[in-house]
Amino acid sequence: MLARTPKAVCLECGLPGTSPAFTAHAGIREHGPAYWSDRGILCSVGCASEHFRKRKADRSYIAIPLDCPVEVEA
Ligand SMILES: [Zn+2]
């Protein structure tokens, strides 16, 4: 188990990563979520935009590519 793996819910709206409404990477669920930050995953482009807007506002935004923090189920 990875201790750093956060809960697999959207950071902004709390939608579970297992929900059919969660936007999957390239539309393929097995690829994991399409959007995430260093703090967790995001369900949609809307939540991702909101999350990064807040992160820029509180100056905690990290403008570097990151590995998805959630383990992708094979
Ligand atoms: Zn969301």
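Student: What makes the arrangement around the zinc ion tetrahedral?

Tutor: In this predicted model, the 4 donor atoms around the zinc ion subtend angles of 105 to 114°. Four donors count as tetrahedral if all angles lie between 85 and 135 degrees, so the arrangement is called tetrahedral.

Student: Which atoms are the protein donors, and how do you know that they are donors?

Tutor: They are the SG atoms of Cys10, Cys13, Cys43 and Cys47, lying 2.3 to 2.4 Å from the zinc ion. The cut-off for an S atom here is within 2.8 Å of the metal, so these atoms count as donors. Along the chain, the donors follow the spacing C-x2-C-x29-C-x3-C.

Student: Why are Cys43 and Cys47 called buried?

Tutor: Buried means under 20% relative accessible area. Cys43 has 7% relative accessibility, so Cys43 counts as buried. Cys47 has a relative accessible area of 14%, and therefore Cys47 is buried too.

Student: Where does Gly40 lie, and is Gly40 buried or exposed?

Tutor: Gly40 lies in strand S2, residues 40-42. Its relative accessibility is 1%, so by the under 20% cut-off Gly40 counts as buried. Gly40 and Glu12 are 28 residues apart in sequence, and their C-alpha atoms are 9.7 Å apart in space.

Student: Why is Leu66 called partly exposed?

Tutor: Partly exposed is the range between the buried limit of 20% and the exposed limit of 50%. Leu66 has a relative accessible area of 31%, so Leu66 is partly exposed. Leu66 is found in the segment after helix H1 (45-57).

Student: Which residues make the nonpolar surface patch?

Tutor: Ile62, Ile64 and Leu66 make this patch of about 240 Å².

Conventions: Residues are numbered from 1 along each chain as its sequence is written. This is a predicted model: local features need pLDDT of at least 70, side-chain atom pairs count only at pLDDT 80 or more; totals for chains, interfaces and linings use all residues. Side-chain values use heavy atoms; hydrogens and water are left out. Donors are N, O and S atoms within 2.8 Å of the metal (3.2 Å for Na, K and Ca); water is not among the atoms, so sites may look incomplete. Four donors count as tetrahedral if all angles lie between 85 and 135 degrees; four count as square planar and six as octahedral if opposite donors are over 155 degrees apart and all others between 65 and 115; anything else is irregular. Buried means under 20% relative accessible area, exposed over 50%, partly exposed in between (1.4 Å probe, protein chains only). Patches are made of residues with over 30% relative accessible area and no salt bridge: like charges are joined within 9 Å, nonpolar side chains (Val, Leu, Ile, Met, Phe, Trp, Tyr) within 5 Å. Accessible areas come from the Shrake-Rupley method with a 1.4 Å probe; for residues, only the protein chains shown count as cover. A salt bridge is a side-chain nitrogen of Lys or Arg within 4 Å of a carboxyl oxygen of Asp or Glu. Helices (H or I, at least four residues) and strands (E, at least two) are DSSP runs, numbered from the N terminus.
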